[in-house]
Amino acid sequence: MSIVIADEPRVAAPPPPEPVVPRRNYLNTEYGVLSWLLTVDHKRIGILYLVSISAFFVVGGIAAGLVRLNLLSPTGAILTEDQYNRMFTAHGVVMLFLFLIPSIPAVFGNFFVPMMIGAKDLAFPKLNLASWYVFMIGAGFAVYAVLVGGIDTGWTLYPPYSSRSHTNVTPGVFGVFITGFSSIMTGLNIMVTIHKMRCPGMTWGRLPLFIWAMYATSFIQLLGTPVVAITLLLLLAERVGGVGIFDPAIGGDPVLYQHMFWFYSHPAVYIMIVPGMGVVSEILTCFSRKNIFGYKAIAWSSVGIAVVGFLVWAHHMYVAGIAYYSALLFSFLTMLVAVPSAIKVFNWLATLFRGSITFHAPMLYTLAFLVLFTVGGVTGLFLATLGTDIHLHDTYFVVAHFHFVMVGGMVLAYMAALHYWWPKMTGRMYSDFWSRASATIIFVGFFFTFVPQFVLGYHGMPRRYPNYPQEFQIYNVLSTAGASILGFGYLLPGIYLPLSLFFGVKSPANPWSATGLEWQCPSPPTTFNFDFVPVVVCGPYEYAIGVDQLGRGLPDPPGPGDAASPYRPVGPAGPIHKETEVVG
Amino acid sequence: MSASTHSPVLKHHFDNLEQQHSAERLGMWMFLATEVLFFSGLFVAYTIYRHWYPAEFQFASSHLILWIAGLNTGFLITSSLTMTLAIRSAQQGNRSALIRHLIATAALGTAFMGFKAYEYATDVEEKFVPGWIFQEEYAEAVADLSEKDHSTAHAKHNPVRELAKLNLDKSVNDPGYISPQRVQLFLCFYYVMTGIHGIHIIVGIGCILWLVQQAYCGKIPRENYSTVEVVSLYWHLVDMIWLFLMPLLYLAGGGLKH
Ligand code: HEM
Ligand SMILES: [Cu+2]
């Protein structure tokens, strides 16, 4: 007698019925301005942040546009030298402190962390609302400072210049100081929420990677921001009081400011990128219909970045007069911090490998992220190398490096998150065509803008200079041309996303056929997110067997997207048709 | 704790009181971590400069008013005791004792601030303030000292003039010269550190008065004692920071007296 093992096809669990669309969701429970300004609902606060930082993005973008326009001509096309200094400072301050730092944590962290771990709200809803007010007050000061009067020190605000400059440094520093508290509040709230509010079954090993990333980010926000707060306070005291501890006239050391500033501001670049990495992990698995490769590696590398990121700050100061041996040590440690980022990139690649990839807008943004972030990270290693950095420091090479990671990385991850979660947040689908178009245009525009800057920097064009020799003009013109393409690309979502609120197709609860808990509540969610207590039974990315975290089947994923029914085509990419089987 | 699910102090987004309280406690501990980092920036900077300029730090430190600092230390340590007693009263549901202990804590904190204010006033009067106040006084003292008869020199007595006398006939590179600039550097630390600490004390007093009001309205029942505990954590931290500030600022003189 022989035993025949039949190769029976596995049957996927049935997808849950589409939840009844509730009459009341978080958007229409209450109306009126006050219902927004006094809300303690984490979702509404997320929207408040979304609206405000979008406005700051526009402000920062206009400043960038003016800077690039001015660089069209070797002698400065439209601005005086003074105005030029004020413009690039305005751009840096607004983009970094008012857009990038709050971007993903305050908008999507607020909105989705509770939903993804099955909680009704963040642990401290009132603190959450307070954080928005604190942010807006700080932003008010900062925007006032950079627009009325202006600041000419650059976003790094190095003394002794910043303590003597006749521009509007005082309110600017004060504004940045205040927004720091908002960042601390958000980080604290998210961290406590992740610790204490997970639903039954949501163990640490089943947390979506976005949650791990947010955890690491909050860790940096909690431990880094207070240091920059005290640094800025000391700077402020020095400006207002006329003497201070960075003042060389009384024996103070301005380089100490740089140490303290970068002790925060290097980790802060990870506040800017780690949440983006979390978003990428979510989207990549969903749109390649595969389990994530190396869950633990990605999760722990977020934590690794958060810890090692605190040990590398002096790579910004190689030529500021620090000791040779400490520069050597920091060079080594900086190379070390690139390792966790590389681990992530390799795991993402392995996740893509033989996946059933579809190219919807969130995925296009994510793929663009992968390419651009990798270039940015690798050029970071050029800068980390002591010898090369002496040549490259304070040139356009550095500018190109950090724009690849911050714009190519974080802003694209932010756009990806926005497109991925938009249907959940608003209940509407946006235009498939235009969203893909904008992703493509941004990608192309980005390359044109910043690749020439690598060349410029390598050939020695210093950053923050309004003038340059004639032979650099071609690269600067290229870069400005690219910037206008880029700007157009950013303009598009500013049009089709708001339009989708009125004309968009209604979105089902789980339009991307994703596994996370946030897709199990209706779109848009009700005020308390879940009508039931969710019980999680499996890991976050069970695309191979096609079940969500509640153990229910997935609806059909969107196919390659044909024009007739762009949002719910029957695709070939269903979980059980895959030719390889990935378990684990 | 089935009774607690319907407790009026349970907030809607928590499952039970235990979860709520542990979240509150964890939140406060994390906040304390940020506070420690906030002050540690100052401590690091202080350490560096003290290492660079020991003589100036010694001089300046020994001219601060030690008895006030000592007394204030006593106030704060006692206030930590009364704060802890307040938690105990809250746990026992003893409202009047709770209010009594909270008020005692706030009073001790206020006493601290009162003496601190007196100390600042004295410092200002003695021109022991970095910046133009110090510099003008120093210049004036030097001018007075260079007058042959020294007639005005003993009219006023303060640390700045003492420093000028000490440096009389010495040039910058002589041993024993105490740089008036670097003395001001110490004073920057003194004012920034005690100033920030004072703001923390004021915030703490505010929180305690808020607790008093809550307790008075009966909003701190036994099962909600952790509100008191959370505030106490903050208060203890502020107290502890003072225990570091006090020796760093006031005892760095090493018994040096002129
Ligand atoms: C992959 C690991 C990375 C390495 C090894 C690295 C290395 C460096 C180094 C050595 C510098 C200093 C260059 C100089 O001033 O001479 C630098 C500058 C910078 N990096 Fe990175 N970086 C990395 C990732 C990132 C990320 C992820 C971000 C932001 C999201 C970022 C943002 C910045 C910024 C803003 C600056 C310039 C700051 C300024 O001077 O204004 N970097 N990077
Ligand atoms: Cu860095």
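**An aromatic pair, and other sites**

Modeller: F186(B) is buried, and its relative accessible area is 0%. The model is a predicted one. Over all chains, the structure has 68 aromatic pairs. In one of them, F186(B) is paired with F57(B). The arrangement is edge-to-face, with 5.1 Å from centre to centre and 80 degrees between the planes. F57(B) belongs to helix α2 (residues 54-62) of chain B and F186(B) to helix α7 (residues 180-216) of chain B, so the pair ties together parts that lie 129 residues apart in sequence. F57(B) is buried as well, at a relative accessible area of 1%.

Chain A holds the metal sites. The copper ion (ligand 2) is coordinated by ND1 of H266(A), NE2 of H315(A) and NE2 of H316(A), at 1.9 to 2.0 Å. Along the chain, these donors have the spacing H-x48-H-H. H266(A) sits in helix α9 (residues 254-288) of chain A, while H316(A) is in the loop between α10 (295-308) and α11 (324-352) of chain A, so this pair links parts 50 residues apart in sequence. H266(A) is buried, with 6% relative accessible area, whereas H316(A) counts as partly exposed at 24% relative accessibility.

The other metal is the iron atom of ligand 1, which is 4.5 Å from the copper ion (ligand 2). This iron atom has a single donor from the protein, NE2 of H401(A), at 2.2 Å. H401(A) is located in helix α14 (residues 396-426) of chain A.

Two further places in chain A can be set beside these sites. T217(A), in helix α8 (residues 209-241) of chain A, is buried, and its relative accessible area is 0%. Leaving aside residues up to four places away in sequence, T217(A) touches P105(A), I271(A), V274(A) and P275(A).

F488(A) counts as partly exposed, at 44% relative accessibility.

Definitions and conventions:
Residues numbered from 1 in each chain as written. Chains lettered and ligands numbered in written order. Predicted model: local features only at pLDDT ≥ 70, side-chain atom pairs only at ≥ 80, totals over all residues. Heavy atoms only, no water. Donors = N, O, S within 2.8 Å, 3.2 Å for Na, K, Ca; no water. Helix = DSSP H or I, 4+ residues; strand = E, 2+ residues; numbered from the N terminus. Buried < 20%, exposed > 50% of the residue type's maximum accessible area, 1.4 Å probe, protein only. Contact = heavy atoms within 4.5 Å. Phe/Tyr/Trp six-rings, centres within 6.5 Å; stacked < 30°, edge-to-face > 60°.
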